[in-house]
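Biologist: Can you walk me through the metal sites in this one? Show me the model before we start.
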Amino acid sequence: SAKNNGRDTYRVFEPMLMETIKRRRSLEAALRRACMRDEFTIVYQPVFSSLNDEITAAEALLRWTCPDHGEIPPSEFIPIAEELGLVSRIGADVLRQACKDAAGWPDHIDLAVNVSPVQLLDPRLPQMVAQALADSGLAPERLELEITETALLNNDEAALRTLTQIRKLGVSISLDDFGTGYSSLSYLHRFPISRIKIDKSFIQRVPGDSGSVSIVRAITQLGSSLNMQITAEGIETESQLAFIREQGCDHVQGFLTGRPIASADFLARTGKRVVVNA
Ligand code: C2E
Ligand code: MG
Ligand code: MG
Ligand code: MG
């Protein structure tokens, strides 16, 4: 009967739920400890110009190796850090370290740093950014902060104030994962955004999927008519790269052209061009 099925389902799922909760509790405790130790590293994914194939920037991506659970992806630990109120502190450390690393790269190479929606609500963010720039000596024009549409959704007044202050420092703002959130086009001109990063879920379906082809074309045209730069992220194949080049996206980023690597390895690559022959 349905009643029995319900009971069986309950019996099957309860242990899984318990495991999930136990892992979550354990990760929470580990993340609190990680903040005091040195368990975080930053890797850098190269960004290429689609015009001349040269490296123009790198995106800083945070890595956490937990002593108990091994490597935990940011998609898992960032939301936990947000809930525990740790994300501003972690984010400030990332900013400080990434600016320091980037200050050792050639001057024409920019740095992109992700900012969580929770971090964007911290009124101290502009001061943290200014401090990271001052301590590292990195020129503000070389720094881009990546935010997502969700960050703008419910707190647009506060976000606008913070982003305007950051923009005044000379730092630019990119809209990450574009197309997956609520994509209100009004964000694009209300906020001081100078770059759109097309989400990898669309990039990975071109050129085969006609819906994704249309979306990538539309975003690229929209961006260029608003005088914004466009990055296509998540490029894994030569046919995706060829398609993206035809569309006139300014920059490309993906496993095909370069995986995230340590700062020293990135520095060694900065003189080199993209290695694929698409
Ligand atoms: P994101 O900002 O959109 O970063 C791009 C993600 O796509 C990275 O995953 C990168 O490794 C991955 N990626 C790049 N090229 C490809 C590709 O060709 N194929 C595939 N399948 N993936 C590719 P990662 O490092 O796991 O980061 C995931 C997300 O976690 C980031 O997405 C960002 O939202 C967040 N994150 C990472 N580092 C930080 C950080 O320092 N602070 C904050 N607040 N969030 C971070
Ligand atoms: Mg990003
Ligand atoms: Mg710039
Ligand atoms: Mg993204």
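Modeller: First, what counts as a donor: an N, O or S atom within 2.8 Å of the metal, with water not among the atoms. Keep in mind that this is a predicted model.

Biologist: Fine. How far apart are the magnesium ion (ligand 2) and the magnesium ion (ligand 4), and which residue coordinates both?
Modeller: They are 4.3 Å apart, and D176 coordinates both.

Biologist: Which protein donors does the magnesium ion (ligand 2) have?
Modeller: E59 (OE), N114 (OD1), E146 (OE) and D176 (OD), lying 2.0 to 2.2 Å from it. Along the chain, the spacing reads E-x54-N-x31-E-x29-D. E59 sits in strand β2 (residues 55-66) and N114 in strand β4 (residues 110-114), so this pair ties together parts 55 residues apart in sequence.

Biologist: And E59, buried or exposed?
Modeller: E59 is buried, at 4% relative accessible area. N114 counts as partly exposed, at 29% relative accessibility.

Biologist: Where do D177 and E233 lie?
Modeller: D177 is in strand β6 (residues 172-178), and E233 is in strand β8 (residues 229-233). The pair therefore ties together parts that are 56 residues apart in sequence.

Biologist: Why does E233 count as buried, and D177 as partly exposed?
Modeller: Buried means under 20% relative accessible area. E233 has 7%, so it is buried. D177 has 23% relative accessibility, so D177 counts as partly exposed.

Definitions and conventions
Residues are numbered from 1 along each chain as its sequence is written. Chains are lettered from A and ligands numbered from 1 in the order in which they are written. This is a predicted model: local features need pLDDT of at least 70, side-chain atom pairs count only at pLDDT 80 or more; totals for chains, interfaces and linings use all residues. Side-chain values use heavy atoms; hydrogens and water are left out. Helices (H or I, at least four residues) and strands (E, at least two) are DSSP runs, numbered from the N terminus. Buried means under 20% relative accessible area, exposed over 50%, partly exposed in between (1.4 Å probe, protein chains only). Donors are N, O and S atoms within 2.8 Å of the metal (3.2 Å for Na, K and Ca); water is not among the atoms, so sites may look incomplete.
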